[in-house]
Amino acid sequence: MENVYLDNAATTAIRPEVIAEMATSMATVIGNPSSTHSFGRQAKSVLENSRKVIAKNINAFSNEIIFTSGATEAINWILNNAVNKLGVTHFITSKTEHHAVLDTLKKIQTEKAITVDYVTVNEFGIISYTHLVSLLDFNTPTLVCLMHVNNEIGSLLDLQKVSTICKQHNAYFMSDTVQSIGKFVLDVQQLQIDFLVASAHKFHGPKGVGFLYKKKNILLQSLYKGGEQEKGLRAGTENVHNISGMATALSCSYNQLSSENNHIENLKKYTIEQLFANFKGIKINGDVQHTSNHILNVALPFTPDKSSMILFYLDMKGIAISRGSACQSGSNRTSHVLQEILSPEDLEKPSIRISFSYQNTFEDIDALINALKTI
Ligand code: PLP
């Protein structure tokens with residue numbers, strides 16, 4: 001039985017350096033960071049040091065980083081705050097965003113008088129920048145929510161371009177950077193972005209912890225009632241060992257960025273070569289140029305009845321890939337992203353998402369190809 005993990009867009013294995021950092025933190029940091037005694041101050045110092053490290057990695061100020069339980073919470077926090085504190089009444093997003101954005105906006109729509117517009121996306125999963133401009137006007141307080149890297153097909157947004165468009169139209173801009181942070185250089189000051197969100201488990205950190213970046217001087221409030229943690233912006237005792245692990249994970253990712261990206265790029269190229277050499281009629285879903293190296297989504301030239309058994313069959317062989325977003329994997333619903341970009345005919349074909357990390361090898365790809373050949 002193989003042991004091949006190619007589902008790194010769903011989550012990643014924790015780096016050994018991160019495990020070491022978290023183990024030290026769990027063993028030695030006892031206090032609650034809100035306590036004023038020495039134990040509390042020690043925990044507070046770990047927390048603030050982690051904040052500094054994270055801020056430095058994206059060229060932010062420390063007080064612009066707020067710790068959360070992950071990106072889902074961060075997105076909920078920003079979208080609700082946008083309405084309640086910033087007076088936003090108009091959202092612009094796309095139908096290929098993560099459900100954390102789409103479903104939160106749907107919920108807000110049932111409670112508040114807001115409008116949501118969806119910018120068009122082409123067959124490669126790239127948004128229309130012209131359409132985006134046409135949806136913006138100066139007089140309506142607007143938040144644009146567009147993800148940097150799509151989690152199902154890897155398509156890439158031009159963050160700088162969208163940020164500039166938003167500034168020109170006086171709109172706020174939030175980007176879901178869950179799939180890009182630690183894989184692309186993100187300089188929030190250069191980008192002039194208002195909000196971004198991140199989840200540690202996507203960059204070889206622990207699960208259940210993340211952060212949001214909020215440009216300074218934007219005044220918002222906590223989603224929950226309770227303590228005064230995070231300067232009153234996020235009530236609840238901070239998850240100190242997870243946060244220190246997240247900071248280490250982000251630093252490791254950026255320290256090794258170019259060598260790891262190189263390796264992942266080669267893995268993706270090799271996978272594409274092998275798939276095209278072995279499966280006549282295979283198609284890549286999404287863009288081949290404006291894309292992240294760590295995600296490859298392909299429509300296999302198999303009959304539709306094979307769709308449900310492919311993952312099961314590969315799993316029996318010890319190979320983990322997915323059909324799309326992990327949070328939708330329990331349902332048999334067609335991917336909302338593929339639905340947006342594929343023709344009805346291509347949508348019928350079984351599509352799979354292969355997602356890579358620095359830990360994958362060329363042998364992993366050979367194992368996947370060999371297994372697919374036997375289907
Ligand atoms: N946004 C994107 C693009 C994602 O891929 C995910 C996770 O799959 C999320 C948001 C939600 O992240 P989390 O489940 O860690 O809160």
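Reader: What is the relative accessible area of T361, and in which class, buried or exposed or in between, does that place T361?

Author: This is a predicted model, in which local features need pLDDT of at least 70 and side-chain atom pairs count only at pLDDT 80 or more, whereas totals for chains, interfaces and linings use all residues. Residues are numbered from 1 along each chain as its sequence is written, and side-chain values use heavy atoms, with hydrogens and water left out.

T361 has a relative accessible area of 30% and is therefore partly exposed; buried means under 20%, exposed over 50% and partly exposed in between, with a 1.4 Å probe and protein chains only. T361 belongs to the loop that joins β12 (351–355) to α13. Helices (H or I, at least four residues) and strands (E, at least two) are DSSP runs, numbered from the N terminus. Although 98 residues separate T361 from H263 along the chain, their C-alpha atoms are 8.9 Å apart.

The backbone nitrogen of T361 is reached by the side chain of D364 at 3.0 Å. This is a polar contact, that is, a pair of N or O atoms within 3.5 Å; within protein, one must be able to donate a hydrogen and the other to accept it, and residues adjacent in sequence count only if both atoms are side-chain atoms.

D364 itself is part of helix α13, which spans residues 362–373. D364 is buried but has no salt bridge, and K317, the nearest side chain of opposite charge, is 15 Å away. Here Lys and Arg count as positive and Asp and Glu as negative, with His and the chain ends not counted; a salt bridge requires a side-chain nitrogen of Lys or Arg within 4 Å of a carboxyl oxygen of Asp or Glu. Neighbours within four places in sequence set aside, D364 is in contact with V4, L6 and Q359, contact meaning heavy atoms within 4.5 Å.

The relative accessible area of S355 is 0%, so S355 is buried. The side chain of S355 reaches the backbone nitrogen of N8 at 2.8 Å, and a polar atom of that side chain also lies 2.8 Å from the backbone nitrogen of A9. Not counting residues up to four places away in sequence, S355 touches L6, D7, N8, A9, H294, I295 and N360.
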